[in-house]
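Good morning, colleagues. Please turn to the sequence and the model on the screen, and I shall go through the ligand site with you.

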Amino acid sequence: MFNNWKIFENILGFIPSEQIKQKLNEYYKILLEENAKYNLTRIISEEEVYEKHFLDSLLFTKEFKISDQNILDIGSGPGFPGIVLKIFYPETEITLVDSNNKKVNFLNIVIEKLKLERIVAKHVRAEELARIENEKYDVVISRAVAYLDVILELASRFAKIGGQIILLKGPRADDEIKNSKNIDQKLKLSLDKKQILEDTGFGERINLFYSKKQSTPELYPRDYAKIVKESGKK
Ligand code: SAM
């Protein structure tokens, strides 16, 4: 049973409540049981899942206050960060989307077994949902889904004007910014903050916080093939 809660306290500033700990333990159990079937993660040791997935999903909250926002997690996979956010901040309204049906089936198992409320998992491609859910969300978040210019284009339309897009990135975020051909300006986004987290044992993390200044121009998001073809990813 995981017991290094001190690391959560050191980073987040508080020790999770008993209810949160119990839900994380149950989540980990389901992840282990279902991992082979759904091909969810190569990280399976308890310590690594709690630190490299659960805690990593929350590092951005040191810079951004979560309360009762309506949040979209694009490409949630096994539920990072969306399910973890729901466990820690039950007052949020959360939508998880993933283009892989197996992942969505897994997310629904977790939602049901953990009795999570006001959270849904949708099997859909983000670029197909974007125009249907235009300006619906206070916060759009995404971790490890696509190169920066691609994920910004997928995410921007979902955010309300004045809303945030938060991208949980690794150490190459600066290169991705350089190679993004100012797509943020074209999408009417501005990069407000860059959170650089030193390597505390699970790699350097860079989280990017964008805000949406105006409606997304009609052109975006383009077809996925076109977005990827014109991406600055080398
Ligand atoms: N966010 C999770 C994490 O941090 O562990 C999963 C990351 S995984 C590398 C990327 C996920 O994004 C996959 O589950 C994939 O199916 C999903 N995905 C990729 N492109 C997508 C798109 N255009 N729309 C929705 N989901 C997408």
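I begin with the lining of the largest pocket, which comprises 16 nonpolar, seven polar and twelve charged residues. Here Ala, Val, Leu, Ile, Met, Phe, Trp, Tyr, Cys and Pro count as nonpolar, Asp, Glu, Lys and Arg as charged, and the others, Gly among them, as polar. A pocket is an open set of points on a 1 Å grid over the protein atoms alone, where a 1.4 Å probe fits, with protein on both sides within 12 Å along at least five of seven lines; lining residues have an atom within 4 Å of a point.

This is a predicted model, in which local features need pLDDT of at least 70, side-chain atom pairs count only at pLDDT 80 or more, and totals for chains, interfaces and linings use all residues. Residues are numbered from 1 along each chain as its sequence is written, and side-chain values use heavy atoms, without hydrogens and water.

Of the 35 lining residues, Gly75, Phe80, Arg143, Ala144 and Val145 lie nearest the centre of the largest pocket.

The ligand takes up the space of this largest pocket, meaning that more than half of its atoms lie within 2 Å of the grid points. Around the ligand are 17 residues, the closest being Gly75, Phe80, Asp98, Ala126 and Arg143; a residue counts if one of its heavy atoms lies within 4 Å.
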